[in-house]
Amino acid sequence: MKKTSLLVSTVLFLFAGLANAHGPVRAKMTATITVDAPAAKVWDLIKNYDDMSWHPGIKSVKGDGTNNKGAIRVLTLANGTITEELKAYDAAKFSYKYKITDMSSTGTIKHAGQDEPLPVLPVGNYAAELSVNDKGGKAEIEWVATYYRAYVNNNPPAELNEETADKAVSNVLKTGLEAIAKKVGSGSATVEIDIKR
């Protein structure tokens, strides 16, 4: 058993080392929560693309007031802005997809002799889908995000590596889902996080 654990630890260590040494690897994070409320009630809270007042991390959102494909929304956070484009919207299936197209930075760091900007969300090529499904009268809310770390070259600094990206995305998804559960009057519920890379 000890040999097996040692082997698994060694493989994971080597994988992490290879990921850092050979450029970013795409991550897929799935956050899920089941709340004691009808799916339609949950969808009614989150259905407007340019309204994220339900998310405690978003101070305000500017959009064009539509849920049409191609709609742009600009999120204002405590430390900057994120611009996102609506890629797909399906009211019948209670879901929409979007992609980050621009972000402000919170400053720069010096790494490998270069000034590297620190994006508000330390990720690259980020896309996500938010959906609600009926599960026997309860609502299962799923938020799936795909992304790379923000640093595209080998040997990323700690501020722009996979661990930092995973932590930041997990925080966005988890706090958002927990806030939805509270706003629809559900009792305590746990957010399940799964990540594949």
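**Salt bridges, core and pockets in a predicted model**

Me: In this predicted model, what is the distance between the closest N and O atoms of the salt bridge that K47 forms with D44?
Reply: K47 pairs with D44 in a salt bridge, and this is one of eight that a search of the whole structure finds. Both partners are partly exposed, since K47 has a relative accessible area of 28% and D44 one of 47%. The closest N and O atoms of the pair are separated by 2.9 Å.

Me: How many residues apart in sequence are the parts that the pair E84 and R73 ties together?
Reply: The side chains of E84 and R73 meet in a salt bridge, with 2.7 Å from N to O. E84 belongs to strand β4 (residues 80-90), whereas R73 belongs to strand β3 (residues 72-77), so the pair links parts whose separation in sequence is 11 residues.

Me: What is the N to O distance in the salt bridge where the side chains of E85 and K87 meet?
Reply: E85 is partly exposed, its relative accessible area being 24%, and K87 is likewise partly exposed, at 37%. Between the side chains of E85 and K87 there is a salt bridge, and its N to O distance is 3.8 Å.

Me: Which element gives the most residues to the largest nonpolar core?
Reply: The largest nonpolar core holds 44 residues, and V35, V42, Y126, I141, W143 and Y147 are those that touch the most other members. At least two residues of this core come from each of β1 (27-35), α2 (39-46), β3, β4, β5 (95-103), β8 (123-135), β9 (138-149) and α3 (162-183). With seven residues, the element that contributes most is α3.

Me: Beyond its neighbours within four places in sequence, which residues is Y126 in contact with?
Reply: Y126 is among the residues that touch the most other members of the largest nonpolar core. Once neighbours within four places in sequence are left aside, the contacts of Y126 are Y98, K99, I100, L121, A145, T146, Y147, V169 and L173.

Me: Which element supplies the largest share of the lining of the largest pocket?
Reply: This pocket has a volume of about 350 Å³ and is lined by 23 residues, with L77, I82, L121, A168 and V172 lying nearest its centre. By type, the lining comprises 14 nonpolar, six polar and three charged residues. Each of β3, β4, β5 and α3 supplies at least two lining residues, and the largest share, six residues, is that of α3.

Me: Which element gives the most to the lining of the second largest pocket?
Reply: The volume of the second largest pocket is about 220 Å³, and of its 15 lining residues, M103, P117, P119, V123 and A150 lie nearest the centre. Two or more residues of this lining come from each of β5, β7 (114-119) and β8. Giving four residues, the element that contributes most to this lining is β8.

Me: How many residues in the lining of the second largest pocket are charged?
Reply: The residues that line this pocket divide by type into 10 nonpolar and four polar. What remains in the charged class of the lining is one.

Notes:
Residues are numbered from 1 along each chain as its sequence is written. This is a predicted model: local features need pLDDT of at least 70, side-chain atom pairs count only at pLDDT 80 or more; totals for chains, interfaces and linings use all residues. Side-chain values use heavy atoms; hydrogens and water are left out. A salt bridge is a side-chain nitrogen of Lys or Arg within 4 Å of a carboxyl oxygen of Asp or Glu. Buried means under 20% relative accessible area, exposed over 50%, partly exposed in between (1.4 Å probe, protein chains only). A nonpolar core is a set of buried Ala, Val, Leu, Ile, Met, Phe, Trp, Tyr and Cys residues joined through side-chain atoms within 4.5 Å. Contact means heavy atoms within 4.5 Å. On a 1 Å grid over the protein atoms alone, a cavity is a set of points where a 1.4 Å probe fits but cannot get out, and a pocket is an open set with protein on both sides within 12 Å along at least five of seven lines; lining residues have an atom within 4 Å of a point. Grid points are joined across faces, edges and corners, and a volume is the space filled by probe spheres set on the points. Ala, Val, Leu, Ile, Met, Phe, Trp, Tyr, Cys and Pro count as nonpolar, Asp, Glu, Lys and Arg as charged, and the others, Gly among them, as polar.
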